[in-house]
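The following explanation is intended for a reader who meets this structure for the first time.

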Amino acid sequence: MSETPLVDELEKGPFPSFVKEIKKTAELHAKAEKEVPVMATGVLKQLERSYVDKITHWKHGGIVAVKGYGGGVIGRYSDLAEEIPEVAHFHTVRVNQTSGWFYTSKVLREICDIWEKRGSGLTNLHGSTGDLVLLGTFTEQLQALRDDLAALETPFDIGGSGGDFRTPSCCVGPARCEFACYDTLEACYQLTMEFQNELHRPMFPYKFKLKFAGCPNDCVAAIARSDFAVIGTWRDDIKIDQDAVKEYANQIDIQAEVVDPCPTKCISWDGNELSIDNSNCVRCMHCINKMPKALAPGDDRGATILMGGKAPMLEGAILGWVFVPFMKIEPPYDEMKEMIANL
């Protein structure tokens, strides 16, 4: 008879099952070279108890970290340590992700090999902040884990947690997106390096998040989830290819799908030519998203800076508000660095 009958129910049905994936991880972890027990099995046992008792059995307590760092590790323990020793400790480690989340398969395999040895093998790619999240290890493995990550051919560092400058994150930017209005990848990297001390050593009363979105589509949810959002935009006219617009006219109803949904009604279409009153355009990206081969952001590109976005657990989401309507985002980013430092 199964030790986890309630948890097993979550494997049934047509949808993907996290239980099935955790069981697969447990099977693989049992065969791997490791310094810890098969923690994934313990996760399922504890989850079963939580379903039976109708309470969580995870608890937080104490401070755990690696040498020289005050953040990057979230301490977590089980209050069933004697009953389920596999998860007596289950600390989460945040690893500073690459800009735009670009990895080679070789690098990912190396990180996963280290994690199978030092932890549960369970991962979260990626957390809402952006970090590559490693779920579950023992206190004794933390320093060795950090040292192993730093010793890779492409070394990785610990990310941020607690009341510090959280790990900056960005969209894929100009590497993959033609709408990017500045180099999000370079800006994210340079600002991450600039604020290493604030990232690794918590010194604030609350966390501070910085996110870079290359255009108003905001694929990293910067407006909703960051204290300092850098949203790519432009201040000249949207570029229009009228021949491409006519091609779209054979595929979609431009009036119904592009013109009518415009929030400021600044677009008009006479069946032959598309016109935009750019003075009333709010850069919502709807028309560009619907006809990307015909419309594009203007050439005078930069970003809008917004501040104050939060996604708190106890209150409703707070969107960021405009702090700087437009500024150029170019190396060495001194103006933005000074702005953040003065906050």
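The model is a predicted one. Strand E14 has pairing partners in strands E9 and E15. Strand E9, formed by residues 228-234, pairs with E14 in the antiparallel sense over 7 bridges. Within this pairing, Ile 231 has Thr 304 of E14 as its bridge partner. Strand E15, residues 321-327, also runs antiparallel to E14, and 4 bridges join the two. Here Leu 306 stands opposite Val 322 of E15. In general, the strands of a sheet pair through backbone hydrogen bonds, in either a parallel or an antiparallel arrangement.

A further sheet may be considered next. It is open and consists of 4 strands in the order E2-E4-E6-E5, with antiparallel pairing. Strand E2 (73-74) and strand E5 (122-125) stand at the edges; each has a single partner strand, so one side of each is left without a neighbour in the sheet. Strands E4 and E6 pair with one another in the antiparallel sense through 4 bridges. In that pairing, Leu 135 of E6 is the bridge partner of Thr 92.

Strand E4 (92-95) and strand E6 (132-135) each supply at least two residues of the lining. By class, the lining of the largest pocket divides into 4 nonpolar, 5 polar and 5 charged residues. Which domains contribute to the lining of this pocket? Domain 1 (5-151) and domain 2 (165-235 + 300-342) each provide at least three of its residues.

Attention now turns to the interior. In soluble globular proteins, nonpolar side chains tend to be buried together. In this model, the largest nonpolar core has 25 residues, and those with the most contacts inside it are Ile 238, Ile 254, Ile 267, Leu 274, Ile 288, Met 291 and Leu 295. At least two residues of this core come from each of helix H9 (242-249), helix H10 (254-259), strand E11 (267-269), strand E12 (274-276) and helix H11. Because domain 2 (165-235 + 300-342) and domain 3 (239-296) both give residues to this core, the core lies between them.

Helix H11, residues 286-290, gives the most to the lining of the largest cavity, with 3 residues. This lining has 14 nonpolar, 2 polar and 1 charged residues.

The last point concerns Arg 176. Where is Arg 176 found? Arg 176 belongs to the loop between strand E7 (169-170) and helix H6 (184-194). With a relative accessible area of 67%, Arg 176 is exposed, because the cut-off for that class is over 50%. Arg 176 and Lys 239 are separated by 63 residues in sequence, and their C-alpha atoms are 20 Å apart in space.

Methods:
Residues numbered from 1 in each chain as written. Predicted model: local features only at pLDDT ≥ 70, side-chain atom pairs only at ≥ 80, totals over all residues. Heavy atoms only, no water. Pairing = 2+ DSSP bridges. Nonpolar A, V, L, I, M, F, W, Y, C, P; charged D, E, K, R; others polar. Core = buried A, V, L, I, M, F, W, Y, C linked by side-chain atoms within 4.5 Å. Buried < 20%, exposed > 50% of the residue type's maximum accessible area, 1.4 Å probe, protein only. Domains from an automatic or database assignment.
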